[in-house]
Amino acid sequence: MKKFVKWCVELFSLSQQRRQKPAFLAAVFTLSLMAGVMFSVPAPAQVIIKTRPQPTVINQNLPPVPSRPSRTIKTRPLPTIPPTQQRTITNNQQPTELRGVWLTNVDSDVLFSSQKLTSALDRLKQLNFNVVYPAVWNWGYTLYPSRVARRVIGRSVDPTPGLRRRDMLTEAVSEGHERGLKVIPWFEFGFMAPADSQLAKRRPQWLTSKVDGSKIKKEGTHDRVWLNPFNPQVQRFIKDLIVEMVQNYDIDGIQFDDHFGLPSEYGYDRYTVALYKKEHNGKAPPRDNKNPEWVKWRADKITDFMKDVFFAIKAVDKNCIVSVAPNPQRFSYEYFLADWERWERMGLIEDLIVQIYRNDMSVFIKELQQPEIIAAKKHIPTSIGIISGLKNKHVPVQQIKAQVKQVRDRNFAGVSFFFYETLWNMSKEPSQQRVSGFRSLFSEPARYPNLLANSN
């Protein structure tokens, strides 16, 4: 319509400039006919979200669900947040700072109902957060309906009540965007899966093993297994899950962490050993899983896959941010074969949040000063993950505020907190005290530091 109006104005002006009466009359006649046709056609409906419909999962004849820890959370009534007297600030005047939080489905019920999710997003918006990282892949299931998951696992979505008959991710994206929040799904489990999951049972050939042939690794009280990140079938499955999400949802990005690597004791499965021998003139991998060459060989293979995933994402949506939230480099590389320092140098990370979950302030500050973190700050938005508490670990709000100050003093891009439930609910301190603490930290709105916004 805009082009039509512009053409009309130009034609009218041209007829006046040339002072040709016949041209003017022809223009008026043409406009009358076309306007009559165009305005008789109903206007198209407005498109709200560019997501594609997802299948609803109801009454599937599927295997039983393995038992998992109870997720019943004893919540206390949250205090009402009164409106604050804020200055009217335009987007251009707002400071730029990442203010994020991870939304989990473990020790939290925030993702298990539409009402709880929207209430959480309301509260975060009121407290001037600007990005959320909802978990979308863990316990061997997707937390959103997935055709890829149905094909491989036998279920298209986590069968837990509260998830199995709704599309949590569509809700998070639409409700988050309505409140001005960025929504970056967290691909939490990466290559990890519960030992009793349908994924592990249906695809045992996809699992990697330790040097003694065992496959299970304890994570707290839970038995975990790991998919082989070097196996092309595993790579295809993981990449298909990611690409499907980017295609079907209007997400702002996708986030990976150390679980997108592999614990260094793994890699002794038949496929990986054969691949190593093929590339080393028949020589078997060292039995020492910390052997530097063996560590590097596996880390480089994972880097190759990370590169493949990055470009697969960009082929679908060049504006989808690739975010990584690892541990400090030494730990990530040595224990999870995740060489994020190299990923960053290769341009495969567009948003970095380094998890520095430390109580000792001197240790916390030391980690902030590591050279790979300082180097990353020069290239991309680099933020710090701060622990706000765990189910059985209280973190005082004063410690949180002190760590945020150290981050700000060193001009990092921002902070993200692990995890939502411990911001003000799962704590020894009164909820109002916690809320007041975060209100003082984020007294005014801030823009999310989007690297890609400056490159378009």
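This passage looks at one strand with its neighbours and then at some salt bridges. The model is predicted, so local features need pLDDT of at least 70 and side-chain atom pairs count only at pLDDT 80 or more, while totals for chains, interfaces and linings use all residues. Residues are numbered from 1 along each chain as its sequence is written, and side-chain values use heavy atoms, with hydrogens and water left out.

Strand β10 covers residues 321-324 (strands are DSSP runs of E, at least two residues, and helices are runs of H or I, at least four, numbered from the N terminus). Ile321 and Ser323 sit on one side of β10, Val322 and Val324 on the other, and all are buried (under 20% relative accessible area; exposed is over 50% and partly exposed in between, with a 1.4 Å probe and protein chains only). Strands pair if DSSP finds at least two bridges between them. β10 runs parallel to β9 (residues 253-256), with four bridges, and isoleucine 254 has valine 322 as its bridge partner. β10 also runs parallel to β11 (residues 351-355), this time with two bridges; here serine 323 partners aspartate 351.

As for salt bridges (a side-chain nitrogen of Lys or Arg within 4 Å of a carboxyl oxygen of Asp or Glu), the whole structure has 22. Glutamate 97 and arginine 99 form one at 2.8 Å, N to O, and Glu97, Arg99 and Arg408 are linked in a network. Glutamate 97 counts as buried at 11% relative accessibility, and so does arginine 99 at 5%. In helix α9 (residues 292-316), lysine 296 and aspartate 300 lie four residues apart, about one turn, and their side chains meet at 2.7 Å, N to O. Lysine 296 is partly exposed at 46%, whereas aspartate 300 is buried at 19%.
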